[in-house]
Amino acid sequence: MRRLALALLSGLASTTQAQAHAFQSGADAYGQFTEGFGVALTDPPIVLVLIASFITISLADPRGFPRALPFLAAGLVGGALIAPAIPDAGVLATLTIALAAGLLGALRWTKGLAVLALLAGVTASMTGLAGHSFTEVPLLLKLGLGVGILLIAAVSAALGAMALERFPYPATAILLRVAASWCAAISLMLIAFVLKGLM
Amino acid sequence: MTRTLALLTALLLASPAFAHTGEGITGGFLSGFTHPIYGWDHVVAMVAVGLWGAFLGSPAIWILPIVFPLVMAVGGALGVLGVPLPYVETGIAASGVVLGLLVALAIRAPLAVAAVLVGVFAIFHGHAHGEELPEAANPIAYGVGFVIATGLLHLAGIGFGFLTKVPNGQWLVRAAGVGIAVVGGMFLTGMA
């Protein structure tokens with residue numbers, strides 16, 4: 001947990017500002033990686049869909065992240081492939097999945113969560129690369145985005161799992177369910193903001 | 001318990017800090033966070049939800065504070081999108097009266113009924129928050145702010161509602177319900 005926290009902090013300290021995914025071309029390799037990483041960490045729909053989905057997964061099974069990981073990874077690749085065809089309105093799909101994930105977490109749903117991990121990966125990756133052609137975005141930037149997405153998913157699942165295992169009281173699961181419901185509520189508000197043109 | 005009550009009192013009496021409010025992420029979060037807190041009509045209803053949930057016991061104690069923010073977000077979305085909802089302020093004031101009376105009279109409703117009632121009132125509260133989104137505020141931070149503030153107010157109500165577990169504590173909780181209903185009535189009649 002300490003190593004994960006240190007890795008997260010160093011990642012956060014090294015991120016560059018993402019300006020509505022207008023990726024800077026010509027940046028050096030490290031700059032490309034950190035730019036992609038920064039997009040994952042600073043895009044609210046991406047963060048929301050991952051937190052909501054992986055809290056839900058950890059609520060269903062505190063050891064569920066390793067089983068969900070292949071589906072998340074497959075979703076990342078799938079999202080990167082379809083991103084060129086997705087206009088910026090694809091963010092609505094991401095927020096819809098975040099809303100659904102939050103509701104499932106509030107209900108402590110246990111079935112079909114592999115599909116949730118897949119959809120979270122697809123929508124997160126798709127949102128990060130939306131509107132850019134496949135060859136336009138450097139590989140290292142895509143890699144940075146992928147690592148950022150994996151990190152948020154892993155930390156969300158780990159925090160949920162750690163809370164449930166260290167504090168095995170009914171209130172712990174309730175607090176996580178409340179957190180999931182807040183993710184759903186915030187997602188709903190963001191959907192309204194997107195429809196209104198405020199985002 | 002004494003320390004918790006002292007902390008809650010200090011939090012309620014704390015004066016707001018107005019540095020850099022109104023703009024950007026920080027300003028948006030503060031705007032959203034303080035929107036329910038600075039409106040006593042919002043505060044009493046949200047605390048009442050927590051009180052009533054604590055009074056009804058498990059699972060209402062956590063289902064009601066989950067239902068309210070979720071349905072409130074629906075109302076908030078309607079407010080942001082400009083969908084008209086009649087009698088918003090009346091609905092908000094009435095929520096204080098009704099929820100306060102439910103606590104004061106120790107009404108034990110079935111869970112489904114409680115959830116629907118709380119949900120109906122949540123729409124009005126959410127619509128007011130959404131409609132009053134300040135133009136300078138960061139909308140995402142605003143949304144996050146008022147959802148979190150709502151949840152914390154429910155938590156305060158639940159905390160106070162745990163007094164039902166101590167001898168004669170139930171009367172304190174019911175008295176709080178009376179107070180909430182009175183405040184709601186003042187807003188309903190235009191006295192506040």
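## The contact between the chains

A salt bridge is a side-chain nitrogen of Lys or Arg within 4 Å of a carboxyl oxygen of Asp or Glu. By that rule, the count between chain A and chain B is 0 salt bridges. The model is predicted. For the complex, the predictor gives an ipTM of 0.79 and a pTM of 0.82.

The size of an interface is often given as the accessible area lost when the parts come together. Here chain A and chain B bury about 1900 Å² between them. Carbon and sulfur atoms account for 89% of that area. Three residues of chain A stand out: A:Trp182, A:Met189 and A:Phe193. They supply 31% of the area that chain A buries against chain B, more than any other three residues. In total, the contact takes 20 residues from chain A and 19 residues from chain B.

## Salt bridges in the structure

Over all chains, a search finds 2 salt bridges. One pairs A:Arg67 with A:Asp61. Their closest N and O atoms are 2.0 Å apart. A:Arg67 counts as exposed because its relative accessibility is 54%, and the cut-off for exposed is over 50%. A:Asp61 is partly exposed, with a relative accessible area of 25%.

Another salt bridge joins A:Glu165 and A:Arg63, with the closest N and O atoms 2.8 Å apart. This pair links distant parts of the chain, 102 residues apart. A:Glu165 sits in helix α7 of chain A. A:Arg63 sits in the loop between α3 (44-60) and α4 (65-82) of chain A. A:Glu165 has 42% relative accessibility, so it counts as partly exposed. A:Arg63 reaches 56%, so it counts as exposed.

## A nonpolar patch on chain A

A:Val77, A:Leu81, A:Ile82 and A:Phe134 make a nonpolar surface patch. The patch covers about 380 Å². One of its members, A:Phe134, is found in the loop between α6 (113-128) and α7 (139-166) of chain A. A:Phe134 is partly exposed, with a relative accessible area of 43%.

## The build of chain B

Chain B has 8 helices and 0 strands. Its pattern along the sequence is α-α-α-α-α-α-α-α. Of its 192 residues, 50% count as buried. The chain exposes about 8800 Å², and carbon and sulfur atoms supply 72% of it.

## A buried histidine

B:His42 lies in helix α3 (residues 40-56) of chain B. Is this residue buried or exposed? B:His42 has 5% relative accessibility, and it counts as buried because that value is under 20%.

Leaving out residues up to four places away in sequence, B:His42 touches B:His35, B:Pro36, B:Ile92, B:His125, B:Ala128 and B:His129.

## Confidence in chain B

Chain B averages a pLDDT of 84. Of its residues, 85% score at least 70. Over residues 15-22 of chain B, the pLDDT is below 50. This stretch has 9 contacts in the model beyond near neighbours in sequence. Where pLDDT is low, the predicted coordinates should not be read in detail.

Where in chain B is confidence lowest, and where is it highest? Confidence is lowest in helix α1 (residues 2-13) of chain B, with a mean of 60. It is highest in helix α5 (residues 88-104) of chain B, at 93.

Methods. Residues are numbered from 1 along each chain as its sequence is written. Chains are lettered from A and ligands numbered from 1 in the order in which they are written. This is a predicted model: local features need pLDDT of at least 70, side-chain atom pairs count only at pLDDT 80 or more; totals for chains, interfaces and linings use all residues. Side-chain values use heavy atoms; hydrogens and water are left out. pLDDT is the predictor's confidence in each residue, from 0 to 100. Helices (H or I, at least four residues) and strands (E, at least two) are DSSP runs, numbered from the N terminus. Contact means heavy atoms within 4.5 Å. Patches are made of residues with over 30% relative accessible area and no salt bridge: like charges are joined within 9 Å, nonpolar side chains (Val, Leu, Ile, Met, Phe, Trp, Tyr) within 5 Å. Accessible areas come from the Shrake-Rupley method with a 1.4 Å probe; for residues, only the protein chains shown count as cover. Buried means under 20% relative accessible area, exposed over 50%, partly exposed in between (1.4 Å probe, protein chains only). Buried area is the accessible area (1.4 Å probe) that two parts lose on being put together, summed over both.
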